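The structure itself is shown first.

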Amino acid sequence: MSKKIIIAIDGYSSSGKSTMARALARRIGYVYVDSGAMYRAVTLYAMRNGMTSPDGKIDTPRLVAALPQIEVTFNAAGADGVQHTLLNGEDVEKEIRSMEVSSLVSPVAVIPEVRERLVALQQKFGEEKGIVMDGRDIGTTVFPDAEMKVFVCAGPEVRARRRWLELKEKGEETDFEAVLANVKERDRIDTTREVSPLRKAEDALELDNGEMTPAEQMEWLMDKFYSISGEK
């Protein structure tokens, strides 16, 4: 009988990590955790409580002091097939995907105390293994011993177009250039932050999905999963 493993999927913003990880978890019967949604939920809490300013500044002392009162959990996937994010018991899945949250999540995510709290929560999710988690530092910081690590990359224009189309489908009219600027700025912040910067783990498998179809991507992932886990 094959053993359950931890699958860590890292990569740049809007590289399709969450969609990929969610689909993979469903395919192999594993639990899926969207670590990025956790940072988005904390960002939404900060926005709602007057801890952010229009110029992107975060009131770090107030947010750090509030961390013990912030609970981020997930409910089971509903009729839409999506696992929803709960902030202190409230379903905030739609709100955390807005451009407003996207523009502030990276400055929130660089705060060491925020990362420390959320990394501890993420590690608890993985105690039983049989989990797929995506984010920026899953294979390097959260689960450095994960049996399967994937680093997803694609050009910023490709990723911005995906994000732009996703927002349009949700009825959120946004200028493509604004989305592209947001993607590039998030890349800059994610790769240069002092705590757990985005980088490819030495033992991670690189997946450039810029020109891959979802089916080709899944075939690639399943091939790697079978070879690492021993399942077939």
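Contact here means that heavy atoms lie within 4.5 Å. The model is a predicted one, and the descriptions below should be read with that in mind.

Leaving aside neighbours within four places in sequence, valine 114 is in contact with Tyr39, Val42, Leu63, Leu67 and Val108. Valine 114 is also named, together with Val42, Leu63 and Ile70, among the residues with the most contacts inside the largest nonpolar core, which has 38 residues. At least two residues of this core come from each of the following elements: strand E1 (6-11), helix H2 (35-48), helix H3 (60-66), strand E3 (72-74), helix H4 (99-109), helix H5 (112-125), strand E6 (131-135) and helix H6 (138-142). The helix that gives the most to this core is H2, with 9 residues.

In soluble globular proteins, nonpolar side chains tend to be buried together.

## Helix H2 against helix H4

The axes of H2 and H4 are 9 Å apart, and the two helices pack at an angle of about 100°. Because angles of 65 to 115 degrees count as roughly perpendicular, H2 and H4 are described as roughly perpendicular to each other. On the H2 side the contact involves Tyr39, Arg40, Val42, Thr43, Leu44 and Met47, and these meet Glu100, Val101, Ser102, Leu104, Val105, Val108 and Ala109 in H4. Sorted by class, the contact of H2 with H4 has 9 nonpolar, 2 polar and 2 charged residues.

Is threonine 43 buried or exposed? With a relative accessible area of 0%, threonine 43 is buried, and, leaving aside its neighbours within four places in sequence, it is in contact with Val101, Leu104, Val105 and Val108.

## Helix H8 and its two partners

Helix H8 (residues 176-192) packs with H4 at an angle of about 20°, the axes being 9 Å apart, and that angle makes H4 roughly parallel to H8. The crossing of these two helices, H4 and H8, is left-handed. From H4, the residues Met99, Ser102, Ser103, Val105, Ser106 and Pro107 meet Ala178, Val179, Asn182, Arg186, Ile189 and Asp190 in H8. By class, this contact of H4 with H8 has 6 nonpolar, 4 polar and 2 charged residues.

The axes of helix H7 (residues 156-169) and H8 come within 9 Å and cross at roughly 125°, and H7 and H8 are therefore oblique to each other. H7 passes H8 in a right-handed crossing. Pro156, Glu157, Arg159, Ala160, Arg161, Arg163, Trp164 and Leu167 of H7 make the contact with Phe176, Val179, Leu180, Val183, Lys184 and Asp187 of H8. By class, the contact of H7 with H8 has 8 nonpolar, no polar and 6 charged residues.

## The loop between E1 and H1

Serine 13 lies in the loop between strand E1 (6-11) and helix H1 (17-28). Because its relative accessibility is 2%, serine 13 counts as buried, the cut-off for that term being under 20%.

Asparagine 88 has its place in the loop between strand E4 (85-87) and strand E5 (90-91), and its phi is near 50°, a positive value in a residue other than glycine. At 39% relative accessibility, asparagine 88 counts as partly exposed.

Valine 195 lies in the loop between H8 and strand E8 (205-208), and with a relative accessible area of 29% valine 195 is partly exposed. The C-alpha atoms of valine 195 and valine 110 are separated by 6.6 Å, while the two residues are 85 residues apart along the chain. Leaving aside its neighbours within four places in sequence, valine 195 is in contact with Pro112 and Arg115.

Methods. Residues are numbered from 1 along each chain as its sequence is written. This is a predicted model: local features need pLDDT of at least 70, side-chain atom pairs count only at pLDDT 80 or more; totals for chains, interfaces and linings use all residues. Side-chain values use heavy atoms; hydrogens and water are left out. Helices (H or I, at least four residues) and strands (E, at least two) are DSSP runs, numbered from the N terminus. Buried means under 20% relative accessible area, exposed over 50%, partly exposed in between (1.4 Å probe, protein chains only). A nonpolar core is a set of buried Ala, Val, Leu, Ile, Met, Phe, Trp, Tyr and Cys residues joined through side-chain atoms within 4.5 Å. Axes are lines fitted to C-alpha atoms, for helices over the stretch in contact, and angles run from 0 to 180 degrees between N-to-C directions. Angles under 35 degrees count as roughly parallel, over 145 as roughly antiparallel, 65 to 115 as roughly perpendicular and the rest as oblique. A crossing is left-handed if the near helix is turned anticlockwise from the far one by less than a right angle, and right-handed if clockwise. Ala, Val, Leu, Ile, Met, Phe, Trp, Tyr, Cys and Pro count as nonpolar, Asp, Glu, Lys and Arg as charged, and the others, Gly among them, as polar.
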